[in-house]
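Reader: Please show me the model. Then let us go through it in short questions.

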Amino acid sequence: MLEVKYSMTTSMEFLSNIAEHYTKACGETVSVRDHSLVFPPAVAEGKFSFYEIEPGLSLCCLDCTFLKGVRFRRSDTVTNDIKVLHINLSTSPFWLYQQGKGTIDVGTDWKNAVFYGQSNFASEFVAEDGTVARVINIYFTKDWWVTGNEIMAQQYPALTDILLSKTSQLTIDLDLRLLLAAQEILGVALPKYGLNLYFEGCVRKIMALFVNRLTVPLAEDEMLDFAEVSRVIAAKDKILNELDQPVPTLEQVATQCHVNKSKFSYMFRAVFHKAYSDFFLEAKMQKAADLLLEGYSIAEVGSALNYKNLGHFAGAFYNYYHTTPKFYKKSLFNKGK
Amino acid sequence: MIDVEYYHTTSKKWFVDFARSLSAACGEPVLIENNNLVLPPSVGEGRFEFYELTDGFSLQIIDCVFFKKLRLSRKSNSGNEIYKVVYNLSTAPVIVNKRSGAVKNLSNDLAEAILLSSESMELGVTFEANKPTRVLIIFFSRQWFMRHIGRYDYRIRVSRLQNFVASNPMQFTTSMDLRSRQLAEEIFHVNLPQLVLGQYLTGCSKQLCAFFFNQLIEEEVTEERIQSKEAVRIIRLKEEIEKNIDQPIPRIEDAAEMCFVSRTKFMTMFRAIFDDGYSSYFQELKNNKAKEMLSQGDAIEDVASSLGYKHISYFTKMFLKRNGLSPADYRQKYQLNR
């Protein structure tokens, strides 16, 4: 097992620091490029990125597989300036050791998957060989919290105590809303420009939901089964990535997710706020508009979205946008001239 | 019809003043409770809310039915410090009157459902009576923009972002992508206690803004990319023609088709790249070539055929017209190594 030391900070040094210790631990070079670690092939693969969003706030997101097991070790410091909110979306075990509290599994399911810690407590994260890690870490300073949450501090001083007192260290269970908010960070269609602004938005939503959870208990209908929800989300991602293939029928996809049809419909709606068929129709139409914008011909777009019949494609497009693909394309290319 | 004149800032002050103006216009008291403006029963019902989210950044949520036609006109201001972005999610179109008198329809489909307007532009918005109105408005100040978008270097290339930096008056509409629409819907449906509502709405609004600016930048970058592809094709074609100068020069229509652009666009782009029109460029080129060959003592027939002229007489005529000398005279006068 590799042992990688790191320290908590909200500046970009965080990443170069981890790269340096990772290199030491595995004996091969781990470098930093475009906000991300570049791993040697046998060590890990995927995304391990860090973004400094604004002074005192940063985001570290992992969507990667640790081919070699790794222990991330952070020793305690005297200063207590930096806080971390850790959200674990992994579906395999991911061990957390908290100073004075012992070791728990923060991966696998909803249980204990959200961890709040501070820099004056040591902690360790351990991922075994082959762990698929999907993790969001939000690092923020005390100052950032105080300036961003003045109103909250006035209305609910007890909460500020809970979060900022020296001894505070806690885990809560993940829930659907937090899961979805965290998914927005690891999602596929991120805005390329204005990414920091987008991430800041994601972080604020997560913070709001986290604080809400500390003050209001979960409603019963929000407690779905994590494994099933994860399968539904994975199925959705797979279909989205393969829009040139026929979208599976409700029966087919429900079978894939090991649930019955009505339960699948219910869960899909609970997670994505839309019926299954509407969701993919919208996705197709959006992709059609994007492809037309990129300059592909109507025939190419139709076949990229698995329309056997171009008339059918044009009809669906018209029903959705109230304009034909041809007219849409034309109006796009006349714009700004 | 109720006519209300208003101004806006990113702070709550304008909302309070707006309530006063609305009250004066409809002759009934209008109250503000927390973030919600309580519409008098005769005017409308539903949500008409304003949230001051962070410094220079705020959000207005309108989800209501007006019982009377309502026209809001904004007084224009001299500076361009405050911008607003209007998202129309009503099924009914929202009518916008511009200073020029032009009437724009913020349509109910995605095509032109977002409007950006800076405060020096005059702007009137009309909401129809008895139709459900669902509109989101994000206000941001120029400082806020500079802090979040303006400080990155991609603004240099994008003219619309330069307009923000230079505080030029701006007003345009753009289309709503799927993700923005989902986020906007989310804002209407947020159901959280007051304690964390502000933080959550800030998050959603910032995500929405990120997609808005992303789209602005991407539109121009895509345009640039398409143009540069076309330019490359035109340059290649020109080199190709030069290499085969003994062949006839393609007609403009054919050349344009080979580059997959229209005839007009081809001519404009050719001139922009090479500083000369298509046919005059190649005539000039041929002429120079002819002079060069003649001065080396080549036979007139050879010169004419290697430049793609089928008839020597035509070549002679063109040459004479351009240089005031016939090819034979030219050769006599300038031939080297005689």
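Reader: By its C-beta neighbours, is B:Asn130 buried or exposed?
Author: This is a predicted model: local features need pLDDT of at least 70, side-chain atom pairs count only at pLDDT 80 or more, and totals for chains, interfaces and linings use all residues. Residues are numbered from 1 along each chain as its sequence is written, while chains are lettered from A and ligands numbered from 1 in the order in which they are written. A residue is buried if 20 or more other C-beta atoms, placed from the backbone, lie within 10 Å of its own, exposed if 12 or fewer, and partly exposed in between. B:Asn130 has 11 C-beta neighbours inside 10 Å, so B:Asn130 counts as exposed.

Reader: Where does B:Asn130 lie, and what is its phi?
Author: Helices (H or I, at least four residues) and strands (E, at least two) are DSSP runs, numbered from the N terminus. B:Asn130 lies in the loop between strand S11 (123-127) and strand S12 (132-141) of chain B. It is not a glycine, yet its phi is positive, at about 60 degrees.

Reader: Is B:Phe260 buried or exposed?
Author: B:Phe260 sits in the loop between helix H6 (252-258) and helix H7 (263-274) of chain B. Its phi is positive, near 55 degrees, in a residue other than glycine. B:Phe260 has 12 C-beta neighbours inside 10 Å, so B:Phe260 counts as exposed.

Reader: Which residues does B:Asn214 touch?
Author: B:Asn214 lies in helix H5 (residues 194-243) of chain B. With 22 C-beta neighbours inside 10 Å, B:Asn214 counts as buried. Two residues are in contact if their C-beta atoms, placed from the backbone, lie within 7 Å. Not counting residues up to four places away in sequence, B:Asn214 touches A:Pro191, A:Lys192, A:Tyr193 and A:Gly194.

Reader: What separates the C-alpha atoms of B:Asn214 and B:Val85?
Author: Along the chain, B:Asn214 and B:Val85 are 129 residues apart. Between their C-alpha atoms, the separation is 14 Å.

Reader: Which element gives the most to the side of chain A that touches chain B?
Author: The contact takes 30 residues from chain A and 31 residues from chain B. On the chain A side, helix H3 (150-155), helix H6 (195-215) and helix H10 (276-293) are the elements that give two or more residues. With twelve residues, the one that gives the most is H6(A).

Reader: How do the residues of that side of chain A divide?
Author: Ala, Val, Leu, Ile, Met, Phe, Trp, Tyr, Cys and Pro count as nonpolar, Asp, Glu, Lys and Arg as charged, and the others, Gly among them, as polar. On the side of chain A that touches chain B, the residues divide into 15 nonpolar, ten polar and five charged.

Reader: Which residue stands opposite A:Lys5?
Author: Four bridges join S1(A) to strand S6 (residues 70-74) of chain A, and the two run parallel. In S6(A), the residue opposite A:Lys5 is A:Arg73.

Reader: What is the bridge partner of A:Arg74 in S11(A)?
Author: S6(A) and strand S11 (residues 123-127) of chain A run antiparallel, joined by five bridges. In S11(A), A:Arg74 has as its bridge partner A:Ser123.

Reader: Which residues of H9(A) are buried?
Author: What covers the buried residues of H9(A) includes helix H7 (226-241), helix H8 (250-256) and H10 of chain A. The buried residues of H9(A) are A:Phe264, A:Met267 and A:Phe268.

Reader: Which elements do the buried residues of H7(A) pack against?
Author: In H7(A), A:Phe226, A:Val229 and A:Val232 are buried. They pack against helix H5 (176-186) and H9 of chain A.

Key. Two strands pair if DSSP finds at least two bridges between them.
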